[in-house]
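Here is a short note to keep beside you as you look through this model for the first time. Take the points in order, and turn the view as you go.

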Amino acid sequence: MASWLDLVYLLASTLRLSTPLIFACLAGLWAERSGVFDIGLEGKLLISAFAAAVVAGATGSAWAGLAAGIVASILAALVHAYASIDQRADQVVSGTAINIAADGGTALLGNALFSQGGRTPSLSGAERFHDVVLPGADVFSGVPFVGPVYKFLLSGQSPLVYAAFLVAPLTWWALTRTRFGLRLRAVGDNPAAVDTAGVSVRGLRYRALIVCGALCGFGGAYLSVGQAAFFLPHMSAGKGFIALAALVFSNWRPMRALATCLLFGFLDALSTNLQGADVPFVGAVPVQFFQALPYLLTIVLLAGFIGKATPPKAGGRAYVKER
Amino acid sequence: MSVAARLPRWADVALLPAVTVASAFVVAGLVVLAIGQNPLEATRILLVGAFGSWEGLGYTLYYATSFMFAGLAVAVAFHAGLFNIGVDGQAYVAGLGALAVAHALGFLPAPLLATATVLAMAAVAAAYALVPAWLQAKRGSHVVITTIMLNYVASALMGWLLVRVFIEPGQMNAQTSRLPPGSDMPEFWRIASWLGADAPKTPLNLSILLAGLAGVGVWALLWRSRLGFRLRAFGANPAAAHYGGVSSTAITLQAMAISGALASGLAVNAILGQEHRLILDFTAGFGFVGIAVALMGRGHPAGIALAALLFGTLYQGGEELAFDMPSISRDMVVLIQGLVVLFAGAMENAFRGPLAAAIAGFGRAEPPAPTSVAAETRADG
């Protein structure tokens, strides 16, 4: 933490590490506010990352890759929707199935297609997303304090990073300021009331899960076509579960979800930065401590020791009309 | 669940799981076809790899032992309505019990030391499972979320301990020094050599007998004991169980403690049976296989034993398959595992309806239940 520039770099890396968390967390938020638990975020991130890398490589276009990632992830979300809405399956079992199948399936297909142990060939040029350079980034970079912030923090990020920061307010707006959002939140708290009003519970939940799939698609594509330039088996590395933790931590609120993901992303960035370094008064903090911190914080929060987590009331249960 | 079609008992116990698992394999076979290999040939290589030699069989049963423990652990919690996703983490920290007791009581003679070590591992895993249990019972945190979180906490904790604290001096790999030999679960080839016979060296060890005992124990617990009845009653209907005098706190703690103790068996098999030291990620994700095994075995120890054997076959045979057909990596097994969870766990009701109709179609078996069918169509609307 020597200089201003180091801090700017740390924050820039926070933005990049938070981006997949923000997409996945908001995806989970859409599902869970509609009353469907989704612990399959991790699997959808992987599926999308794989599809995006393969299609981006085949077509030469990162945007086509992104589209493929979104479609693949939506398909996985529809499997979850069919199982948990139509078949009234245990939503945790269904989500687990998607996580496991995605983990095995992407590695298997990656290996079968490219024979590199599941890794896909490196993407280059237009096959991946490049950093957006805002006008004048170089010209102003000499300005003290503000210059580096503009050049390295506001400018120079992948388009998907900017998209992630747009999705949070959009989600907030859609959930709180539109008729669809009102109904969606109602269906997560009291589906019978929505049903009585003549609105289809099934239709709303399906639509929520499609949005969930699309957002996971963005997050997964960012992993393989934005952040990295290839797909690697298990590359989501638990991000779907950190996003789930962030969702609980943010009490199922979009803007708080954004803030929580930034916090968890910051911890991640910090752990890489502090590796081997001495922290004042504490000495060397093991990197594993930072890895466990989001989960520990969430457990403490869930236990009600700081604040209180109030999930959607009808979450996790299939809706059955009374007979 | 309440409106699902009814099946005759034999179909519910045998036919339905057979059909759901077969569907998972059909889908896996289509994937093999898509990769450009022959699924029948793949199956043949897999079966020969798993059963074609004593060595293969030894590995198959070794894996099956771990899966049996993991499946039983998931199933016991499931019967109490608790989804323990934390089997992997609980088994991982059980290694600490082995480390502490095997060294502290190293002066004990072999069978006693092994017994004490096994018990210590069970105690540590049970204690780790009690954390989410207590949080659910007393603080209302959902056990699914907390067990997932605690898996990662266990992974970070053990990673730190193995890399920084308990690492064998002078070692580059994150592993401890060898545990005192008295804590070993003897491998079968070693037992054979004591008896003067020659057996192929496989990690199959006495833990498999322990797994069998655990299976019988779980059956007796669930269907022949008062605690088991309470546990199942609580799982089936918490409100009714509460009315009947079952304490939700006590039953949640008991179910998770038993589940955690069973999870430690996975660590016993891997650490005391094979590695004889702690290594990074020795659970190898086998705790998650337990979910598929428990669902496929329908929560009954006999079914779980069969399902564990099937997954043991897949893991061992899959290794041979990956060797013979490099385009089908070991990840195939993980995909099948996910498909089994999907079809046997999540989609079961989708198979139930058509099966009931098919059985009724054969006549005389059992008349269709018109009310349930009507209810289903209405509920879908």
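**Notes on a first look**

1. A:Ser115 sits in the loop between α4 (91–114) and α5 (137–140) of chain A. Helices here are DSSP runs of H or I with at least four residues, strands are runs of E with at least two, and both are numbered from the N terminus. Although A:Ser115 is not a glycine, its phi is positive, at about 50 degrees. A:Ser115 counts as exposed because it has 12 C-beta neighbours inside 10 Å. The cut-offs, with C-beta atoms placed from the backbone, are these: 20 or more other C-beta atoms within 10 Å of its own make a residue buried, 12 or fewer make it exposed, and anything in between is partly exposed.

2. Before going further, please keep in mind that this is a predicted model, in which local features need pLDDT of at least 70 and side-chain atom pairs count only at pLDDT 80 or more, while totals for chains, interfaces and linings use all residues. Residues are numbered from 1 along each chain as its sequence is written, and chains are lettered from A and ligands numbered from 1 in the order in which they are written.

3. B:Arg298 is not a glycine, yet has a positive phi of about 55 degrees. You will find B:Arg298 in the loop between α12 and α13 (301–324) of chain B. With 19 C-beta neighbours inside 10 Å, B:Arg298 counts as partly exposed.

4. Now for chain A as a whole. Chain A has 13 helices and 2 strands. Its radius of gyration is 20 Å, close to the 20 Å that the globule rule gives for 323 residues, so chain A is as compact as a globular protein of that length. (The radius is taken over C-alpha atoms, and the rule is 2.2 Å times the number of residues to the power 0.38.) Along the principal axes, the C-alpha atoms of chain A fill a box of roughly 70 × 50 × 40 Å. Buried residues make up 55% of the 323 in chain A. Of the contacts in chain A between residues at least 6 apart in sequence, 76% join residues at least 24 apart; a contact means that two C-beta atoms, placed from the backbone, lie within 7 Å.

5. How do helix α1 (residues 4–33) and helix α7 (residues 159–177) of chain A pack, and at what angle? Their axes are 9 Å apart and the angle is about 25 degrees. Axes are lines fitted to C-alpha atoms, for helices over the stretch in contact, and angles run from 0 to 180 degrees between N-to-C directions. α1(A) and α7(A) are therefore roughly parallel to each other. Angles under 35 degrees count as roughly parallel, over 145 as roughly antiparallel, 65 to 115 as roughly perpendicular and the rest as oblique. The crossing of α1(A) and α7(A) is left-handed, a term used when the near helix is turned anticlockwise from the far one by less than a right angle, with right-handed for clockwise. Residues that meet there include A:Leu15, A:Ile22 and A:Phe23 in α1(A) and A:Val161, A:Ala164 and A:Ala168 in α7(A). The contact has 11 nonpolar, 2 polar and 2 charged residues. In this classing, Ala, Val, Leu, Ile, Met, Phe, Trp, Tyr, Cys and Pro are nonpolar, Asp, Glu, Lys and Arg are charged, and the others, Gly among them, are polar.

6. In chain B, helix α3 (residues 54–79) and helix α8 (residues 207–224) pack at about 20 degrees, with axes 9 Å apart. α3(B) and α8(B) are therefore roughly parallel, and the crossing is left-handed. The contact includes B:Met68 and B:Phe69 of α3(B) and B:Ala211 and B:Val218 of α8(B). Its residues divide into 10 nonpolar, 4 polar and no charged.

7. Compare that with α5(B) and helix α11 (residues 248–275) of chain B, whose axes come within 6 Å and cross at roughly 140 degrees. α5(B) and α11(B) are therefore oblique to each other, and α5(B) passes α11(B) in a right-handed crossing. This contact has 21 nonpolar, 8 polar and 1 charged residues.

8. Lastly, the two chains meet through 43 residues from chain B and 40 residues from chain A. Helices of chain B that each supply at least two residues to this side include α5 (110–139), α6 (143–165) and α14 (331–346). The chain B side has 29 nonpolar, 9 polar and 5 charged residues. B:Gln337, in helix α14 of chain B, is buried, with 27 other C-beta atoms within 10 Å. Leaving aside neighbours within four places in sequence, B:Gln337 is in contact with A:Ile100, A:Gly104, B:Val289 and B:Ala292.
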